[in-house]
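Hi everyone, thanks for coming.

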Amino acid sequence: MANSRFEYVRSFERENYLLPDTWIVIRVDGRGFHRFSDRYNFEKPNDLRALTLMNESAKVVMRDITDVILAYGDSDEYSFVLRKQCQLFERRESKLISTFVSTFTAAYNQLWSVHMGPDAPLDVGHMPTFDSRAVVYPSDKILRDYLSWRQADCHINNLYNTTFWALVLKGNQTRTAAALRLKDTFSKDKNEILFSEFGINYNNEPEIFKKGTILLRVTKDVTLKNPQDLSERQLQREEKKLKKAEIQELHIDLIGDDFWNERPWILNN
Ligand code: DGT
Ligand code: MG
Ligand code: MG
């Protein structure tokens, strides 16, 4: 086909190819979920239905994109870790982040009524939307530190929110008074308020709230060979197995060494 005289505009397009041989992490995060969660009456501080909806949406992404080896989520965010050798879309950043965020958003909208119930229909003025970014991490240690950072953040926010909403909902304090009370407090102070004033032992709070959610693909019989060493048909078969593999959901610590020592295949993918 002959080129049109408009063809030259293509030269304005730019691609960012993410660095080879590095871990790619794509994080999606709910846009304006502070207001969104209010609009749809999410339970405070944690709405199990909303967290389940996030987890199920992330599983849709993971089933669709087999390069994801682990995902971690809490609150309104999810991080997807792609294997180091991932060649999806030639590692083009904009293709990757737009595909992840649109797949996730589509799943979240589609599964909304399944998890939030038929009594909370979405209205077009307040649709759940997400932003997304990609970051590459050059070493296993930095990838682990990234995931530890997100899980530590989950814990810090959850302890704060649990105490804040106990003061407001059970202690009948105003939001301003509760925020003032918690200003400059340490973890042990919040634990103490929860225990002595509300009889809540923070350690007994649900693990999904304290630790967030880790998703892993259970792939027992997948070939461990390099994709380059497989024929086209073998590759298709492996891809099929990965798509069908069960996805395991965990609410455990990933900051310590145990998680990684028990699952060496994650970093050796
Ligand atoms: P952004 O991300 O800059 O567009 O703004 P936000 O408002 O999404 O802020 P972000 O992502 O830092 O914080 C997430 C908000 O979502 C936070 O205000 C609490 C809310 N949220 C997330 N999960 C729940 C939940 O289960 N229950 C309630 N009540 N709120 C939640
Ligand atoms: Mg957000
Ligand atoms: Mg967030």
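Let me start with a pair of helices: helix 4 and helix 5 pack at an angle of about 135°, their axes 9 Å apart. Axes here are lines fitted to C-alpha atoms, for helices over the stretch in contact, and angles run from 0 to 180 degrees between N-to-C directions. That angle makes helix 4 oblique to helix 5; under 35 degrees would count as roughly parallel, over 145 as roughly antiparallel, 65 to 115 as roughly perpendicular, and the rest is oblique. The crossing of the two is right-handed, a word used if the near helix is turned clockwise from the far one by less than a right angle, with anticlockwise being left-handed. On the helix 4 side the contact is made by Y160, T163, F164, W165, L167 and V168, and on the helix 5 side by R175, A178, A179, R181 and L182. Contact means heavy atoms within 4.5 Å.

Now a quick word on where this comes from. This is a predicted model, where local features need pLDDT of at least 70 and side-chain atom pairs count only at pLDDT 80 or more, while totals for chains, interfaces and linings use all residues. Residues are numbered from 1 along each chain as its sequence is written, chains are lettered from A and ligands numbered from 1 in the order in which they are written, and side-chain values use heavy atoms, with hydrogens and water left out.

Let's zoom out. The protein has nine helices and six strands; these are DSSP runs numbered from the N terminus, helices being H or I with at least four residues and strands E with at least two. Along its principal axes, the C-alpha trace spans about 70 × 50 × 35 Å. Of the 269 residues, 42% are buried, and buried means under 20% relative accessible area, exposed over 50%, and partly exposed in between, using a 1.4 Å probe and protein chains only. Among contacts with a separation of 6 or more, 75% are between residues 24 or more positions apart.

On to the inside. How many residues does the largest nonpolar core have? It has 33, and those with the most contacts inside it are Y78, F80, L82, F100, F104, Y108 and W112. By nonpolar core I mean a set of buried Ala, Val, Leu, Ile, Met, Phe, Trp, Tyr and Cys residues joined through side-chain atoms within 4.5 Å. Helix 3 gives the most to this core, with seven residues. A second, separate core of 19 residues includes W23, L147, L254 and F259.

L82 touches W23, I24, I26, D67, V68, L96 and F100, leaving aside residues up to four places away in sequence. L70 lies in strand 2 and counts as buried, at 1% relative accessibility. Its C-alpha atom is separated by 6.2 Å from that of F80, ten residues apart along the chain.

Another helix pair to find is helix 2 and helix 3. Their axes come within 8 Å and cross at roughly 135°, so these two helices are oblique to each other. Helix 2 passes helix 3 in a right-handed crossing. Residues that meet here include L53 and V61 in helix 2, and F104 and W112 in helix 3.

Next, the metal. Which residues are the protein donors of the magnesium ion, ligand 3? They are D29 and D76, each through OD, lying 2.1 to 2.3 Å from the ion. Donors are N, O and S atoms within 2.8 Å of the metal (3.2 Å for Na, K and Ca), and since water is not among the atoms, sites may look incomplete. D29 lies in strand 1 and D76 in the loop between strand 2 and strand 3, so the pair ties together parts that are 47 residues apart in sequence. D76 is buried, with a relative accessible area of 13%.

Finally, some backbone details. Most residues other than glycine have a negative phi, and most peptide bonds are trans. The bond from K44 to P45 is cis, with omega near 0°, and P45 lies in the loop between helix 1 and helix 2. R91 has a positive phi, near 65°, and is buried at 3% relative accessible area. N172 also has a positive phi, about 55°, but N172 is exposed, at 69%. You'll find N172 in the loop between helix 4 and helix 5, which brings us back to where we began.
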